[in-house]
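Here are my notes from a pass through this one, in numbered points. Have the model open alongside as you read.

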Amino acid sequence: MVSIAHRASRLVRKSCPVLGVLLACATPAIAGTSALPLMPQPQSVTVMDPATRSIAGGIRIDWTHAPSPLLRRAGQRFVARLRSMAGQEAGGAPLILHITTGYDPAYLSIDEKEGYTLSTSAADGIHLTALGPAGVLHGLATLLQLVALTPQGPVIPHVDIHDSPRFAWRGLMIDVSRHFMSVDTIERQLDAMELTKLNVLHWHLSDGTGFRVESRRFPRLQEVGGHNQYYTQAQVRGIVAYAADRGIRIVPEFDVPGHTLSILQAYPDLAAQPVPTEQEIHPVCSITVDTQKTQTSCNRVYNQNNPALDPTQPQTLRFATALYAEMGRLFPDRYFHSGGDEVAPQQWMNNPAITRYMKVHGYRDAPALQAAFTAQVEQALARQGKIMMGWDEVSEAPIPRDVVVEAWRGSKWIGSATRAGHPVVVSSGYYLDLLNPSATHYQVDPLDPKAVGLSPAEVEKARAKQGSMIDAFALDPNAPALDAAQSRLVLGGEAPLWSEIVSDEMVDARLWPRSAAIAERFWSDASVRDVADMERRLPVVLHELNMMGLQSESHQNDMIARLAPQNTTPLKVLTSVTSPVRNYAMNRLAAHGGDAMLTAPAAIASPDSFDAMKFNALAERYIKGDRARASDLLAMLRTYRANDAAYAQIATTPALQEAGAASQQLAQLAEVGLEAMKKRSHGHHWHKRVNAILASQDAAFAACADAVAAHTMPLPASGLLIDILPGLHMLVDHAH
């Protein structure tokens, strides 16, 4: 009997490749228990027997007590998902899954009971015991991840699992204002959330770009502000029910008093400043084409995030109160997000009537005025039975203690908000639209007030352009660790995906698999921090999600086929070992390229390149003496070197031509790797030459290594980073 205790030292891992089917090599997963491809990792796993158990006859559920309709549907989903993974039953008696659960009146609340135990080793079958419906859903998700396909058919290991989450709030935030997303797209994300034990969808439904829910009280919101791209109330109720079936709460966000252009286009009398015209809002662009590349120049004259409500008008509060009451009836969750972020002070300070009001009422600055408005909104929501959430700007001035603060500008806001007694949800460090790889997010702990923030040097670089507002993003090196009372106030975390450069077709690949890694950070013990082990499990989990309905792979293939219909292979190879530039560098490129960036190769490349991870891991093993890896490395390098000639043949459009430089650089880097592996003497001049080549690629990574660099340094025009660079550095450094 082998036990995993995540607070103890890790056991020796045995890798298990994905062989085109889920969990394709069961025996190593049993022999090395930490190799079980579970994500999130449970609190404890005990392998009872090194043998496996066949489920070739399928699994039949036996409910100890009559299941509720919700649990019955959960069982039906489990059976359908198992069939999609393992195929139709090959005959023989099914294995019995005995499910015992209690009644949990707190289901779909912050206090719900989520723990479960799962034993697959009993003589009479599998036993899943939970305190409530949430635990059943989580246990079924874990059981699906235990299924392995072998030449003898599907099997599961003999394990005992005891599990419960570290944090009660484990969420994704999806922005559908900037790019509208279909009902099917949202439902796919909810399915993936269920399978990875995420339990909150923070749905960002209004912003400057669009208002996305049907309002019968204020119909111009969707007709004018929503540009007729919105969810009907019936669709919202359907999505809320779909989420509830999967153990997921939906917390809506309707942003006030800033980020309200879409509201003000519909109801301009509420505006602090004159509402801009369409001509002012949309950029005027000119396109220049030469033999090298296509350049788009845009005269952007308006920031759609800036327009704000006038909080001094009584009608503004009446509007917000009535709107929230109507929207609150669509979303039964007690929590309601009212935004409150990035209110541009000039919106108020450049309005004489507002500044007179501030003087009369003793509001010294814009934050003080916002705090007063926030308190009024909180009272209105409280009367409606809601608990208010807001971005961390709302905590800069005194506000009611019950307001939940979402810390996004840096980890220091976790400390300041909890010291003031506020419950906190942490999103700083988990912003998926920064396009950082899973490893970056995975290393951020929600309880660390020094995890994320700009260094003093970065702050000073940014101050010239951003002014004093940049101080809010600064790291506080003296931030004390949270005490026990503060830690209890941290409800959990969320991974936001803002959609400026995310089309409906891109959503699945931009959210997953990184959200699965973040789900582990929110669920598993704080000691589960092995990045290499997480990266080993990541492609397995993504493959599982795609087998059960996610469309990240199929959508990426569709995008490639449209860009390169005559031959998809060269673009597939290029995007398999590259990733998009990070830390909002892509936003900077999109400011010139516009919507073309939604279909460019950088929109296809994933922040986590599994092929590059494999290459880098092989290179590390090779230089440590595992010479058997040489053939695999050489084959990969030869493929990358040869790919450029094929890519040149398909590069007939501006988007493909712009990525041509990255293709050429990949071939050049592959040649460096091949030279480094040759059994010959590598002299000083060789090292000097190839290190200069590597340095040029290091510069591309440095240009987007942080938010300040990404806004100031030269970026690769293609928006692509070549992710085999770490492995090449190892090979070159090892060459003598």
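1. First, a reminder that we are looking at a predicted model. Keep that in mind for everything below.

2. Let's start with helix α19, residues 531–547. Its 17 residues span 25 Å from first C-alpha to last, close to the 24 Å expected at 1.5 Å a residue. There is still a bend of about 30° at L538, and a proline, P539, follows within four residues. Most of α19 is covered, with 13 of its 17 residues buried.

3. Both ends of α19 deserve a look. At its start, a side-chain oxygen of D530 comes to within 3.1 Å of the backbone nitrogen of A532. Just after the helix, G549 has a positive phi of about 125°.

4. On packing: which residues touch the most other members of the largest nonpolar core? They are L97, I186, W203 and W512, in a core of 198 residues. Take I186 as an example: leaving out residues up to four places away in sequence, I186 touches I174, V176, M181, L201, W203, Y231 and I239. Another core, of ten residues, lies apart from the largest one and includes M389, V404, V425 and L491.

5. M39 and P40 are joined by a cis peptide bond with omega of about 5°, and P40 sits in the loop between α1 (26–31) and β2 (44–54). The bond from V256 to P257 is also cis, with omega near 0°; P257 belongs to the loop between β11 (249–256) and α7 (261–266).

6. Where do we find a positive phi in a residue other than glycine? L108 has phi near 65° and lies in the loop between β4 (95–101) and β5 (116–122). Y584 has phi near 70°, in the loop between β19 (578–580) and α22 (585–593). L108 counts as partly exposed at 26% relative accessibility, and Y584 is partly exposed too, at 23%. For context, most residues other than glycine have a negative phi.

7. The structure holds 29 salt bridges.

8. Another one to inspect is E671 with R641, a salt bridge at 2.9 Å, N to O. E671 lies in helix α27 (residues 660–677) and R641 in helix α25 (residues 630–650), so this pair ties together parts that are 30 residues apart in sequence. Here E671 is partly exposed at 25%, and R641 is partly exposed at 37%.

9. Last, R629 and D626 meet through their side chains in a salt bridge of 3.2 Å, N to O. D626 counts as partly exposed, at 24% relative accessibility.

How values were computed. Residues numbered from 1 in each chain as written. Predicted model: local features only at pLDDT ≥ 70, side-chain atom pairs only at ≥ 80, totals over all residues. Heavy atoms only, no water. Helix = DSSP H or I, 4+ residues; strand = E, 2+ residues; numbered from the N terminus. Expected span 1.5 Å × (residues − 1). Bend = angle between axes of the 7 residues up to and from the residue. Buried < 20%, exposed > 50% of the residue type's maximum accessible area, 1.4 Å probe, protein only. Polar contact = N/O pair within 3.5 Å; in protein donor to acceptor, adjacent residues only side chain to side chain. Core = buried A, V, L, I, M, F, W, Y, C linked by side-chain atoms within 4.5 Å. Contact = heavy atoms within 4.5 Å. Salt bridge = Lys/Arg side-chain N within 4 Å of Asp/Glu carboxyl O.
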